[in-house]
Amino acid sequence: MNELIKVGMADLNVCCPPKGLTTLGLGSCVGIVLYDPVSKVAGMAHIMLPDSTKIVNNENKAKFADTGIDMMISNMKKLGANTNRLIAKIAGGAQMFSFSNNIEMMRIGDRNVEATKLKLAQLGIPIVAEDTGANYGRTIEFYPETGVLKVKSVGRPEKLL
Amino acid sequence: MDSRIDLNKINSIQYDVLKEIGNIGAGNATTALSQMINKRVNMKVPKVDLLEFKELSDIVGGAEKPVVGILFTLDGNINGMMMFMMDLDASRHLVNLLLGGAYVSETGEFSEMEKSALNEIGNIIAGAYLSSLSALTNLTITSSIPYMAIDMAGAILSVPAIEFGKIGDKALLIETEFGDEIRAVNGYFILIPTIESYYAILTSLGL
């Protein structure tokens with residue numbers, strides 16, 4: 001079993017094979033994997049909020065979809081990734097509780113997914129696989145050697161994306 | 001957005017006050033629970049911690065550990081949310097106390113009856129906590145119906161963590177241990193006022 005580097009909440013990391021990346025228990029947060037299939041450099045971010053410009057305390061870049069993706073790409077370049085070759089796989093953005101009365105709070109998962117897609121589209125990075133939305137948590141593992149993203153949930157079969 | 005309050009720079013007096021609110025709230029919750037099941041319920045002094053998001057799920061036994069989370073949205077003078085969380089064993093034990101063991105399955109998924117009992121436990125505990133907060137601050141707080149989810153701790157914690165994430169990089173976690181003579185279980189409260197409400201709480205206490 002290859003070593004998996006753990007990415008915490010509002011955190012990101014980059015790696016090369018044989019190492020892999022994992023983040024545990026994604027709820028309304030979104031797990032973003034960027035991958036250069038040629039150099040096999042990979043990055044994973046666990047973002048919590050869509051937009052850093054809407055928040056006063058935005059020092060932690062890994063917390064937001066916009067700044068998290070930028071920071072991840074710059075860290076991946078240092079490992080030899082070519083930004084023109086990057087592809088993305090995303091998971092998470094669930095709605096954990098079925099609120100009846102608060103629209104903004106209810107949609108945070110969706111908004112995180114939308115912001116992630118918008119940012120990736122602006123950068124011209126294609127999303128080749130996604131497992132987002134619904135109402136359950138996800139643990140993801142990414143293996144740069146093969147480019148496979150594994151998604152695990154409670155009481156559900158494992159998915160390979 | 002109000003930038004006067006920064007949870008990362010909370011001072012020791014404010015921290016002590018939040019701790020004390022946690023203490024009193026948990027005490028009230030225990031009394032209420034005890035009256036409901038007509039049995040003595042013991043409680044230890046709660047532990048209060050200001051934690052980084054990364055550490056939050058480790059405290060409750062890891063991000064992948066299945067837990068029951070009961071969430072309330074808050075309204076009135078204080079807006080935000082509050083969550084009560086327990087692991088599955090603790091939840092089964094409390095449901096058992098409440099239903100007298102008659103309806104409780106040892107393993108597997110919770111039945112509708114059990115879920116409804118859990119919601120009620122959440123209601124009692126959250127109500128007791130909020131009434132002490134309300135009494136101390138003289139602020140009116142109303143809470144929503146309970147919303148329950150059973151899933152990985154990290155996934156459930158992401159909901160309050162995101163709300164906290166708007167105001168800082170840390171969350172306030174209150175851990176309390178309670179139970180009957182036979183067994184003690186751990187429960188966790190997380191209170192997430194909006195930044196304006198956080199300011200309202202501290203101002204009303206003269207801080």
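B:G25 is buried, and its relative accessible area is 0%. The structure discussed here is a predicted model. Within chain B, B:G25 sits in helix α1, which covers residues 12–37. Leaving aside residues up to four places away in sequence, B:G25 touches B:A128, B:Y129 and B:S132. A further pair involving this glycine is B:G25 and B:I125: 100 residues separate them in sequence, while their C-alpha atoms are 8.2 Å apart in space.

**Chain B as a whole**

Chain B contains six helices and eight strands. Read along the sequence, the order of these elements is α-β-β-α-β-β-α-α-β-β-α-β-β-α. Of the contacts in chain B between residues at least 6 apart in sequence, 73% join residues at least 24 apart.

How confident is the predictor in chain B, as given by the mean pLDDT? The mean pLDDT of chain B is 79, and 87% of its residues reach 70 or more. Among the elements of chain B, the lowest mean pLDDT, 72, belongs to strand β1 (residues 42–43), and the highest, 92, to strand β6 (residues 147–152). Where pLDDT is low, the predicted coordinates should not be read in detail.

**Chain A as a whole**

Chain A has three helices and 10 strands. Starting at the N terminus, its elements follow the order β-β-β-β-β-α-β-α-α-β-β-β-β. The radius of gyration of chain A is 15 Å, close to the 15 Å that the globule rule gives for 161 residues, so chain A is as compact as a globular protein of that length. Along the principal axes, the C-alpha trace of chain A spans about 50 × 40 × 25 Å. Of the contacts in chain A between residues at least 6 apart in sequence, 61% join residues at least 24 apart.

Chain A carries 19 positive and 15 negative side chains. The centres of these two sets lie 2 Å apart.

| Chain | Buried residues | Accessible surface | Part from carbon and sulfur atoms |
|---|---|---|---|
| Chain A | 55% of 161 residues | about 6700 Å² | 52% |
| Chain B | 55% of 207 residues | about 8500 Å² | 48% |

**Backbone details in chain A**

Most residues other than glycine have a negative phi, and most peptide bonds are trans.

Which peptide bond is cis, with omega near 10°? The bond in question runs from A:P17 to A:P18. A:P18 is part of the loop between strands β2 (11–15) and β3 (20–26) of chain A.

A:A10 is not a glycine, yet its phi is positive, at about 60°. This alanine is placed in the loop between β1 (4–6) and β2 of chain A. Is A:A10 buried or exposed? A:A10 has a relative accessible area of 4%; the cut-off for buried is under 20%, so A:A10 is buried.

A:A134 also has a positive phi of about 60°, although A:A134 is not a glycine.

Terms used:
Residues are numbered from 1 along each chain as its sequence is written. Chains are lettered from A and ligands numbered from 1 in the order in which they are written. This is a predicted model: local features need pLDDT of at least 70, side-chain atom pairs count only at pLDDT 80 or more; totals for chains, interfaces and linings use all residues. Side-chain values use heavy atoms; hydrogens and water are left out. Helices (H or I, at least four residues) and strands (E, at least two) are DSSP runs, numbered from the N terminus. The radius of gyration is taken over C-alpha atoms; the globule rule is 2.2 Å times the number of residues to the power 0.38. Buried means under 20% relative accessible area, exposed over 50%, partly exposed in between (1.4 Å probe, protein chains only). Contact means heavy atoms within 4.5 Å. Accessible areas come from the Shrake-Rupley method with a 1.4 Å probe; for residues, only the protein chains shown count as cover. Lys and Arg count as positive and Asp and Glu as negative; His and the chain ends are not counted. The place of a charge is taken as NZ of Lys, CZ of Arg, CG of Asp or CD of Glu. pLDDT is the predictor's confidence in each residue, from 0 to 100.
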